[in-house]
Amino acid sequence: MAENAAWPAIQLGDLTLATPVMLAPMAGVTNPPFRQLCREEAEAGIRCAQGEVNGAVSTGAGGVPGAIASSAAEGSSPEPHAPGSYAPAGLWVCEMITSRALLERTPETMTMIQPDPSDPVRSIQLYGVEPRVVAAAVRLLIEENRADHIDINFGCPAPKVTRKGGGSALPWKLDLYEDLVRQATAAASTANRGRDHAVPITVKFRIGIDAAHETFRDVARISEDYGVAGLTLHARTTAQHYAGHANWDFIAELVDSTELPVFGNGDVFDAADAAALRAHTGCAGVAVGRGCQGRPWIFYDLAALMHGATAQRRPSLREVATIIERHARLSVEHFGSENKAMRELRKHITWYLKGFAVGGETRHSLGLVSTLEELHERLQALDLDQPYPAAAEGKRGRAGGEKRPHLPDGWLDSRELSPEQAARIHEAELDISGG
């Protein structure tokens, strides 16, 4: 294969992103244990690209893939950086946090914002609909030194979010969107005073409600006006949800229309997709969501690509079993409960084993594990000498079909909130717990 050119670093305000990749937040998926595994894979990919492991797939201490060094790219920074201002391997964003739940310090939310302890940049995504509440959440995260990067979600298409005007439905109301972004960036500016580096605000959003109600151009214009540091566009509408194909032409249009760095999101399931997305759109970086489900090593390939290499990691089932067990141990440490950790892990096990020759009965039994010992015994009973199968490649996650968006009554009648809608908008957050 031809030699690749390294991708330039991205500057998000005072934050330098040396590897322009972002783990897109996913509820119930991107908790600290999984983020750590993804980050370590990216770090290993960087080291491979730098020639430190001679281009070979390497396993670190104890045969743990990606554990070559938790500070793999430490030496790649040309000069010292303030803590939290330099992300060598990418941005590893936590699950979506509701602003109100954060301010109320609900136990679930405070657990969700716990960082991956070895991540040099703590990245948190906020969801909210009331400008003053989102602004207060931004202040809390910065003043209490809980985040180095804050992303605000305007892209969630879930009916429970959009039916009351939140998520990807919110940007249709220009007055609400502008007020929210204005107050959030003003709160960040005030809270950042006196810090060694400012915590940047970025936003994630969709093309619009549907083909007849596009909002991304307004989102970009308003965001840039109020000092947002970067943009992530999932190139689908609310109606599309995750169906069909992401339309990368909209990402290309956004790149051409703004001075801000743009992360392209949608249908990146391997390094070739990332390269094609960048070639098609000129985007500065790539955000990956469903493509990493059960496949944290996708970030090895992406990081290698972005640092000029073509290396790919294709773990055998034995290596995958090792990753699963490490994921389990990290989860027990995070949740402080073996039972809860195993329940959270079950969906990941299904994703990890995609494409491998594992019988239906065995898959079912692995989906019921409740202890680390039980997990180990059932994994060791598999035919672990299987190489990485071609069937494990390709799309991940449920796509479904296009759906009629669930919106508040009369939502599309005007680009501004009616008095009744303004009085009820807070309801869009009341029943959204944590992610």
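**View A. Cys 38 and its closest cysteine neighbour, Cys 292, in the predicted model.** The closest cysteine sulfur to that of Cys 38 belongs to Cys 292 and lies 4.7 Å away, which is too far for a bond, because a disulfide requires the two sulfur atoms to be within 2.5 Å. Cys 38 itself has a relative accessibility of 0% and therefore counts as buried.

**View B. Cys 156 and the cysteine sulfur closest to it, that of Cys 94.** Here the separation between the sulfur of Cys 156 and that of Cys 94 is 14 Å, again too far for a bond. With 15% relative accessibility, Cys 156 is also classed as buried. By the distance rule, the count of disulfides in the model comes to zero.

**View C. The largest nonpolar core, with Val 138 and Phe 299.** This core holds 111 residues, and Val 138 and Phe 299 are the members that touch the most others. Helix 6, spanning residues 174–191, supplies the largest share of the core, namely eight residues. Because residues are contributed both by domain 1 (10–50 + 84–313) and by domain 2 (317–388), the core lies between these two domains.

**View D. The surroundings of Val 138.** When residues up to four places away in sequence are not counted, Val 138 touches Leu 126, Ile 150 and Ile 201, together with the alanines Ala 184, Ala 187 and Ala 188.

View E. In soluble globular proteins, nonpolar side chains tend to be buried together.

Definitions and conventions:
Residues numbered from 1 in each chain as written. Predicted model: local features only at pLDDT ≥ 70, side-chain atom pairs only at ≥ 80, totals over all residues. Heavy atoms only, no water. Buried < 20%, exposed > 50% of the residue type's maximum accessible area, 1.4 Å probe, protein only. Core = buried A, V, L, I, M, F, W, Y, C linked by side-chain atoms within 4.5 Å. Helix = DSSP H or I, 4+ residues; strand = E, 2+ residues; numbered from the N terminus. Domains from an automatic or database assignment. Contact = heavy atoms within 4.5 Å.
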